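I list what I looked up, entry by entry.

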Amino acid sequence: MKVPLLDLKLQYQSLKKELDKAILEVAESQYFILGPEVAGLEKEMEAYLNVKHAIGVSSGTDALLLALMAIGIGTGDEVIVPTYSFFATAGVVSRLNAIPVFADIDLTTFNISPKDIESKITDKTKAIIPVHLYGQSADMQPINEIAEKYNLKVIEDGAQAIGVQYKNGNNVGTIGDAGCFSFFPSKNLGCYGDGGMITTNDDALAERIKIMRVHGGAPKYYHKIIGGNFRLDAIQAAVLRVKLPHLDNWSASRRKNADIYKKYFIESALNSGTNSLKYNVDNRVLLPKSTYDNLGIKNHHIFNQHIIRVKERDALIDYLRSKDIGCEIYYPVPFHKQECFANLSFNENDFPNSDIAAAETIALPIFPELNEEQIKFVVDSISDFFKN
Ligand SMILES: Cc1ncc(COP(=O)(O)O)c(C=O)c1O
């Protein structure tokens, strides 16, 4: 049996008729950039996320970059980010000649540790970027409290978490000053190229983002501010409009798959089912925990990734790949260990949880169309690995 990490062809087959039609309609219209498809997607996303403004942009990375530009981040400003995330979270800060300041994560959720934020604040700090990693909300209440206390902006990186609710029921991307999403094909809501979105309830900020999305001209060709080309294209919007109504079902299937993994990991005695964060003979594999799973919130976790921890990570990955099981490391090198950030000042030992995550995590297949037999095969293979 082969188990890919992700198989997008199955999703395409299930919606092929509608998707092909939507793409061809854009070709017929010859309206390729922004336009009615993008405006339609923005309206539908505003309703879905219950937010005043959703602004389609060219990628998740560009969503972050543009949001930071729009709140005025520039040379020498400090922006606090988790050291354990996709590179874009920190990369965009440096691209504006600002300084990413790293904070450690919480090992239960792999999200930024609010406790680690306050000590990193200086008189240059301007913003915090909490990342809702793997499809679960960062702990936004203490983050917003710190932001308010020090007059900082909060830009949520929700690239992996579209449709996720925080414990108060609010959607991620609507809790800070702005939210940033990615429609990279492997995301829960993915398009057929690059795409992204910025959300905000702040009218003035939305206006500024819309102007900066098209080089900052308002009216066109008259520039008080400098923006860039951050436009979403119509084919991507058309694809996303077909897919959006299915997003909650796909996320529910991912949660169901996570439950099936848990059942088999417990049955195979690799995990005790107690949400332990400590390895012992009953917990050789540590499973992801949905922090808000018993609060009756629909999308408390959307499992963009299903992340387990094992001490023997690298050997296990080799073993799984030898059995044609797709798996990946997200992310092997935290920001504080990246060469490009070596000139920044921080204490190497300040990020023990991120170091553990980088050394011990593996993403297993979790996509909605994965079947129970495949999940059992993955867990049986992990069980065989520990027996050998
Ligand atoms: C946490 C996080 N931030 C930002 C991004 C950047 O999104 P994109 O690939 O659409 O530029 C991604 C996606 O890859 C991500 O996972």
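**Entry 1: the ligand**

I started at the ligand and found one of its nitrogen atoms 2.8 Å from an N or O atom in the side chain of aspartate 157. I call this a polar contact, meaning a pair of N or O atoms within 3.5 Å; within protein, one must be able to donate a hydrogen and the other to accept it, and residues adjacent in sequence count only if both atoms are side-chain atoms. I note that the model is predicted: local features need pLDDT of at least 70, side-chain atom pairs count only at pLDDT 80 or more, and totals for chains, interfaces and linings use all residues. Residues are numbered from 1 along each chain as its sequence is written, and side-chain values use heavy atoms, with hydrogens and water left out.

I then looked up threonine 61, whose side chain has an N or O atom 2.5 Å from an oxygen atom of the ligand. For lysine 187, a polar side-chain atom lies 3.0 Å from a ligand oxygen atom. Taken alone the ligand exposes 390 Å², and the protein buries 93% of that (Shrake-Rupley method, 1.4 Å probe).

How many residues surround the ligand? I read 15, and the closest are Thr61, Asp157, Gln160, Ser182 and Lys187 (a residue is near if one of its heavy atoms lies within 4 Å). Helix 3 (60–70) and helix 4 (88–95) are the elements that give two or more residues to this shell. Helix 3 has the largest share, three residues. Helices (H or I, at least four residues) and strands (E, at least two) are DSSP runs, numbered from the N terminus.

**Entry 2: aromatic pairs**

I looked up the aromatic pairs next and found 17 in the structure. Tyrosine 12 and tyrosine 192 make one of them, edge-to-face, at 6.3 Å centre to centre with 70° between the planes. Rings of Phe, Tyr and Trp (its six-membered ring) pair if their centres lie within 6.5 Å; planes under 30 degrees apart count as stacked, over 60 as edge-to-face and the rest as tilted.

Where do the two tyrosines sit in the chain? Tyrosine 12 is in helix 1 (residues 8–29) and tyrosine 192 in the loop between strand 6 (178–182) and strand 7 (196–200), 180 residues apart. Tyrosine 12 is partly exposed at 24% relative accessible area, and tyrosine 192 is partly exposed at 34%. Buried means under 20%, exposed over 50%, and partly exposed in between (1.4 Å probe, protein chains only).

I also checked phenylalanine 385 and phenylalanine 386: the ring centres are 5.2 Å apart and the planes are at 80°, so this pair is edge-to-face. Phenylalanine 385 is buried at 14%, and phenylalanine 386 is buried at 12%.

**Entry 3: a cluster and its backbone**

I found one aromatic cluster formed by Tyr84, Phe86, Phe110, Tyr134, Tyr330 and Tyr331. Tyrosine 330 and tyrosine 331 are joined by a cis peptide bond, with omega about 20°. Tyrosine 331 is in the loop between helix 10 (313–322) and helix 11 (352–360).

Phenylalanine 110 has phi near 70°, a positive value in a residue other than glycine. I located phenylalanine 110 in the loop between strand 3 (99–103) and helix 5 (114–117). Buried or exposed? Phenylalanine 110 is buried, at 6% relative accessible area.
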